[in-house]
Amino acid sequence: MLADPPGRVSAFDIVALAASAGGLNALTHVLTALPADFPAAIAVVQHLDPRHRSLMAEILGRRTALRVKEAAEGDRLEPGTAYIAPPNRHLLVNPGGVLSLSQTELVHFVRPSADLLFESAAATYRERAIAVVLSGTGTDGAMGVKAIKKTGGTVIVQLPSSAEFRGMPDAAEQTAMVDFVLPLAEIASAIVTLVNTSRAA
């Protein structure tokens, strides 16, 4: 588990965000509104062209107070840091908050997969995980949302009508296992409120 400041126990250890088409805009909106002292780690899957080096971490890092880095094999999750899945690699969260990258088969025709990120976060952090599904085409994330809910975690979905591409938000909402369906402008404040809600140790 991630360390909490003395006298305070954050309710969540990880916020996992997933996006596809329209995702850079959505991720920028959310991450720029989170404070530098955000008390949980953040893991991000954005479907990217696997043929090109990604500038996602660099772009987001210029726009947010958080530390942003492209995830690397063996990274250990730290609060206030956003870890971006590299192109063509699944991003998995393992016990002890250690990240791993995988080139196993495509899931729903994509790699990285939101489903695998959410499922690994659910298995590792259980009720201390938040999953967020943002703009994107396809259905990636819907299976992972079910895993998050089954282990007691919390699910936030971008209001489909506020998404540039509503496929992923629609698919997640249709699982009927979603806690909050919110316009893009309200997602960051909901995350901050949830994560800053103290929980008895």
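A: What follows describes a helix pair and then some salt bridges.

The model is predicted. Helix α1 covers residues 23-32 and helix α2 covers residues 56-63. Their axes come within 9 Å and cross at roughly 40°. Angles under 35 degrees count as roughly parallel and 65 to 115 as roughly perpendicular, so α1 is oblique to α2. The crossing of the two helices, α1 and α2, is right-handed.

On the α1 side, the contact is made by L24, L27, T28, L31 and T32. On the α2 side, M56, I59, L60 and R63 take part. Sorted by class, the contact of α1 with α2 has six nonpolar residues, two polar ones and one charged one.

R62 has a relative accessible area of 63%, so R62 is exposed. E58, at 42%, is partly exposed.

Another joins D75 to K69, where the closest N and O atoms are 2.5 Å apart. Both D75 and K69 are buried. The side chains of R166 and D170 also meet in a salt bridge, at 2.8 Å from N to O. R166 is partly exposed, with a relative accessible area of 42%. Buried means under 20% relative accessible area, so D170, at 19%, counts as buried.

Technical notes. Residues are numbered from 1 along each chain as its sequence is written. This is a predicted model: local features need pLDDT of at least 70, side-chain atom pairs count only at pLDDT 80 or more; totals for chains, interfaces and linings use all residues. Side-chain values use heavy atoms; hydrogens and water are left out. Axes are lines fitted to C-alpha atoms, for helices over the stretch in contact, and angles run from 0 to 180 degrees between N-to-C directions. Helices (H or I, at least four residues) and strands (E, at least two) are DSSP runs, numbered from the N terminus. Angles under 35 degrees count as roughly parallel, over 145 as roughly antiparallel, 65 to 115 as roughly perpendicular and the rest as oblique. A crossing is left-handed if the near helix is turned anticlockwise from the far one by less than a right angle, and right-handed if clockwise. Contact means heavy atoms within 4.5 Å. Ala, Val, Leu, Ile, Met, Phe, Trp, Tyr, Cys and Pro count as nonpolar, Asp, Glu, Lys and Arg as charged, and the others, Gly among them, as polar. Buried means under 20% relative accessible area, exposed over 50%, partly exposed in between (1.4 Å probe, protein chains only). A salt bridge is a side-chain nitrogen of Lys or Arg within 4 Å of a carboxyl oxygen of Asp or Glu.
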